[in-house]
Each structure stands twice: as C-alpha cells, then as structure tokens.
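Thanks for coming. I have one structure to go through today, so please look at the screen.

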Amino acid sequence: MKAKKCPRCGKSSLYETRGEYRMELPPNIAGPTVVVADAEWQHCNSCGEDVLSKELEQAINRKCRRRKKSTVA
Ligand SMILES: [Zn+2]
C-alpha cells in the first residue's frame, strides 16, 4: 500500500480508503449521520484525519443540501 503525507500531522500515514464513508455531524447541526456508500477518501493512520476527494465532498454537500430543503418545506 502506498502512503502519502498527511496535511495535518505531516507523517506518511495517509492511505487510500474505499467503502462507506460516515460523517458525524457537529452537535449544533441537527440530523442523522451523513452516509455515502461506495466512497473513496484518504485516511491518516497517525492522527485519524480524513482527506476527502472532491467527488466525496460534493456527494456530502448534495446530501446536506437536500436535507436542508426538506426540513424547510
Ligand atoms: Zn495525520
């Protein structure tokens, strides 16, 4: 497995990860955990940082936006 440098801690423990990405929402935002199936991102084994791909960020944004709309309506 190839490891990249982590932008947070600077250690070479960033690994490609694939699977179901779960994003816990901060306490000030109401709602269930955002789950993206079949996602790809990079996870640091040293500090636990998740570096998301643009595609994954967009998928999460879409889910959050949809939820906001549905709560307003
Ligand atoms: Zn790190």
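Let me start with a term: a residue is called buried when its relative accessible area is under 20%, exposed when that area is over 50%, and partly exposed in between. By that cut-off Gln42 is buried, because its relative accessible area is 14%. Keep in mind throughout that this is a predicted model.

First, the chain as a whole. The secondary structure amounts to 1 helix and 4 strands, and the order along the sequence is β-β-β-β-α. There are 73 residues in the protein chain, and 19% of them are buried. The accessible surface is about 5,500 Å², with 49% of it belonging to carbon and sulfur atoms. As for contacts, take the pairs at least 6 apart in sequence: 41% of those contacts join residues at least 24 apart.

Next, the metal site. Which protein atoms are the donors of the zinc ion? They are the SG atoms of Cys6, Cys9, Cys44 and Cys47, at 2.3 to 2.4 Å from the ion. Along the chain these donors follow the spacing C-x2-C-x34-C-x2-C. What is the geometry of the site? It is tetrahedral, and the angles among the 4 donor atoms run from 107 to 115°. For that label, all angles among four donors have to lie between 85 and 135 degrees. A search for disulfides over the whole structure returns 0.

Cys44 has a relative accessible area of 1%, so it is buried. Cys47 is at 28%, so it counts as partly exposed.

Now back to Gln42. This residue is in strand β3, which covers residues 34-44. The side chain of Gln42 makes a polar contact of 3.2 Å with the side chain of Glu16. What does Gln42 touch, if we leave out residues up to four places away in sequence? The list is Lys4, Leu14, Tyr15, Glu16, Glu49, Asp50 and Val51.

One of the residues that Gln42 touches is Tyr15, which sits in strand β2, residues 14-23. Is Tyr15 buried or partly exposed? It has 21% relative accessibility, so it counts as partly exposed; the limit for buried is under 20%. Tyr15 and Lys4 are 11 residues apart in sequence, and their C-alpha atoms are 6.7 Å apart in space.

Lys4 comes up again with Ser13. Where is Ser13? It is placed in the loop between β1, residues 3-4, and β2. Ser13 is buried, because its relative accessibility is 11%. Again leaving out residues up to four places away in sequence, Ser13 touches Lys4, His43, Cys44, Asn45 and Ser46. Cys44 in that list is also one of the zinc donors.

Asp38 has a phi near 55°, a positive value in a residue other than glycine. Is Asp38 buried or exposed? Its relative accessible area is 56%, so it is exposed.

How values were computed
Residues numbered from 1 in each chain as written. Predicted model: local features only at pLDDT ≥ 70, side-chain atom pairs only at ≥ 80, totals over all residues. Heavy atoms only, no water. Donors = N, O, S within 2.8 Å, 3.2 Å for Na, K, Ca; no water. Tetrahedral: all angles 85-135°; square planar, octahedral: opposite > 155°, others 65-115°. Buried < 20%, exposed > 50% of the residue type's maximum accessible area, 1.4 Å probe, protein only. Helix = DSSP H or I, 4+ residues; strand = E, 2+ residues; numbered from the N terminus. Polar contact = N/O pair within 3.5 Å; in protein donor to acceptor, adjacent residues only side chain to side chain. Contact = heavy atoms within 4.5 Å. Disulfide = S-S within 2.5 Å. Areas by Shrake-Rupley, 256 points an atom, 1.4 Å probe, with all protein chains shown as cover.
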